[in-house]
Amino acid sequence: MPLRDYGVLAARAVARVREGATGTPHYQIHLADDAGTMYRAAINVLSKKAPSELLFVVVEDFRHPLTDSLPAAGSGWTTLASRPGGAALDYIRANLFDPATARPLPPDLPGEDNDLADLLDHYVQRAIGNPAAAVYVFGGRFGPEPAEPDQVFGFLPGNGVHDVHMNQGNSEEFRKDDGVWQDGGLLIRLPDGRWVAVFLAFQSQAWHTDDTTGHTLDTAPPLPGSGEEPMRIVAALVNAPGPAPEAETVTLLNASPAPIMLDGWQLLDRDKTALPLPATTPAPGAVLVVPGNPTFHLGNRGGVITLIDPAGLKVHGVTYTADQARREGCTIVF
């Protein structure tokens, strides 16, 4: 079954503890909300299942419409509905990042800037003690435990967030935790207003999952095996000049070394409305501009565009924010 209590913690970072690389280590963050409630975020840095190194993706200038749906900074725990259109995370369906950029890192090694704990330190230490930095931790809640002090930081009651990683496409051992729109992650809004996002996944997890259960599909490769996408979405005109319905377009690039027959391929908007691609065969390096239609909706308040193949598997996906769509007639380049 999916996570029992999925949501997001909006708080300030107080301290952190690195648990090394033995046993089942975590990167532990002590946080507090504006009401003074204490929390601990337990972030996995090592997998029980081989290969043990976690995959990470850092987006240092994260722009996504979900940030407009987040609760107020410092507001504490908010339970999230596991569905699209809000603040819930889904590594596959929300187009949060390019999975081809995911890389494995060891949990904790001697030296600097060479492990997952170092990477987390680079961003978390900038937020600790800085009231202008807002931290958002997505995952499953544990506690509160009125009679049990926190096992790492000692505050009472014990209370916090775990499962701060991808929570679908699991191996058989952890299949019971699968679900859609319930992935974990770490977002930090820096004092300059820029968002930094950290996403984590286990190498044993799969990139293609069932839209209802989150279970691995039979054809699914493991992360980061979505790898080199043959077709990519490279641009979109979402705020075309003139009255509605606007002449929206999406631009695709054949990034493969061979022609690709696009019969049966489709684009999906934020509401999963499908736009069939023209029955054409772009040559290697060719660009295809696909006109929209009145039902395929690229809203000016931010949106999601996903490319799927004839088997219904995601090939590539992008997002854009309301700010990017603000200027009429400007093409957004991804």
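## Fold and dimensions

The model is predicted.

The radius of gyration is 21 Å. A compact globule of 334 residues would have a value near 20 Å, so the protein agrees with that expectation. Along the principal axes, the C-alpha atoms fill a box of roughly 65 × 40 × 40 Å.

## Packing and surface

Buried residues account for 52% of the 334 residues.

The exposed surface comes to about 14500 Å². Carbon and sulfur atoms supply 53% of that area.

## Charges

The protein carries 24 positive and 39 negative charges. Side chains of opposite charge can pair when their charged atoms come close. Across the whole structure, 13 salt bridges are found.

One network of salt bridges links Arg16, Arg18, Asp108, Asp115, Asp118 and Asp121.

Arginine 16 pairs with aspartate 121, with the closest N and O atoms 2.6 Å apart. This bridge links distant parts of the chain: arginine 16 sits in strand β1 (residues 6-18), aspartate 121 in helix α1 (residues 116-127), and 105 residues separate them. Arginine 16 has a relative accessible area of 27%, so it counts as partly exposed. Aspartate 121 has 10%, which means it is buried, as the cut-off for buried is under 20%.

Arginine 18 also forms a salt bridge with aspartate 121; here the closest N and O atoms are 2.9 Å apart. Arginine 18 belongs to strand β1 and aspartate 121 to helix α1, so the pair ties together parts 103 residues apart in sequence.

Arginine 18 has another partner, aspartate 108, with the closest N and O atoms 2.8 Å apart. Aspartate 108 lies in the loop between β6 (103-105) and α1, and arginine 18 in strand β1, 90 residues away. At 19% relative accessible area, aspartate 108 is buried. Arginine 18, at 26%, is partly exposed.

Notes. Residues are numbered from 1 along each chain as its sequence is written. This is a predicted model: local features need pLDDT of at least 70, side-chain atom pairs count only at pLDDT 80 or more; totals for chains, interfaces and linings use all residues. Side-chain values use heavy atoms; hydrogens and water are left out. The radius of gyration is taken over C-alpha atoms; the globule rule is 2.2 Å times the number of residues to the power 0.38. Buried means under 20% relative accessible area, exposed over 50%, partly exposed in between (1.4 Å probe, protein chains only). Accessible areas come from the Shrake-Rupley method with a 1.4 Å probe; for residues, only the protein chains shown count as cover. Lys and Arg count as positive and Asp and Glu as negative; His and the chain ends are not counted. The place of a charge is taken as NZ of Lys, CZ of Arg, CG of Asp or CD of Glu. A salt bridge is a side-chain nitrogen of Lys or Arg within 4 Å of a carboxyl oxygen of Asp or Glu. Helices (H or I, at least four residues) and strands (E, at least two) are DSSP runs, numbered from the N terminus.
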